[in-house]
Amino acid sequence: MKNMCVAHRGFSGKAPENTMAAVKMAVALPYVRWMEIDVQLTRDGVPVVIHDFTLDRTTNGHGKVKDMDYEHIRRLDAGGWKGRAFRGEKVPSLEEVLDLAHGRLRLNIELKTSGAMYPGLEQAVIDLVNKRGMREEVVLTSFDLGALRRIKELEPRFQTGLIFDSRSGDLPGKLSELDCSFLSISFARITPVLAKLLAERGIRMMAWTVNKTKEMRRLAAMHSDIMICTNRPDVWADTFLKA
């Protein structure tokens with residue numbers, strides 16, 4: 001399939017991001033082949049699916065994810081902010097999302113970390129993925145270069161990806177140095193020259209976050225290999241399946 005659809009934090013245009021409701025909506029769509037989620041560690045070492053470093057925006061809790069135990073985070077409402085229908089949605093564990101996605105779609109698991117914020121995050125994620133035999137179904141991505149290096153040290157066979165949001169720097173060189181075969185990049189940063197170069201080198205490209213038909217078509221015109229990460233898989237379907 002050209003310009004594959006990646007559901008950003010699940011079907012986050014309709015359901016609260018990074019919740020099981022959003023994940024289930026994405027999994028139910030046959031044309032969604034990939035899903036992007038964000039993972040952090042609770043204070044007691046449980047990988048949970050949440051984007052922000054704090055709980056304030058997407059739950060009724062307050063404070064940093066890393067300062068809270070799993071059981072405390074599980075009691076929070078992670079859906080009410082999106083609408084009454086989603087009240088009572090929980091912050092999922094990575095384990096729950098892996099179990100739902102297994103054999104249905106592939107996962108881009110972003111490790112939300114910086115420096116020494118989450119010691120043991122890489123190992124915890126690797127262990128959960130390996131336990132389910134899902135290594136071929138996931139790519140582990142991060143802005144944090146240290147996290148990408150640690151993954152390769154712990155388990156070199158894992159596919160890793162750099163998240164990038166800049167126009168400067170030797171991007172192909174950086175990907176090569178980090179042994180990354182995947183690039184997660186802001187859609188505004190992709191050029192036809194870059195897309196062609198990376199495709200020739202076997203680098204899989206994912207553009208984020210693309211919610212409008214016009215932008216999806218512009219990327220598709222650049223290269224058929226560019227994956228389109230969107231909050232609106234339904235808009236992707238209208239753009240590519242009904243054309």
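Q: Is D67 buried, exposed or partly exposed?
A: D67 is partly exposed, at a relative accessible area of 36%; buried means under 20%, exposed over 50%, partly exposed in between (1.4 Å probe, protein chains only). This is a predicted model, where local features need pLDDT of at least 70 and side-chain atom pairs count only at pLDDT 80 or more, while totals for chains, interfaces and linings use all residues. Residues are numbered from 1 along each chain as its sequence is written, and side-chain values use heavy atoms, with hydrogens and water left out.

Q: What does D67 form a salt bridge with?
A: K66, with the closest N and O atoms 3.8 Å apart. A salt bridge is a side-chain nitrogen of Lys or Arg within 4 Å of a carboxyl oxygen of Asp or Glu. K66 is partly exposed too, at 33%.

Q: How many salt bridges by that rule?
A: The count is 22.

Q: And D234, which residue does it pair with?
A: R232, at 2.7 Å between the closest N and O atoms. D234 is buried, with 17% relative accessible area, whereas R232 is partly exposed at 31%.

Q: Which residues form a network of salt bridges?
A: R9, E17, D38, D52 and R57 are linked that way.

Q: Switching to α6: which residues are buried there?
A: L171, P172, L175 and L178, in a helix running over residues 171-178. Helices are DSSP runs (H or I, at least four residues), and strands are E runs of at least two, numbered from the N terminus.

Q: What does the face turned away from that buried side carry?
A: The exposed residues S176 and E177.
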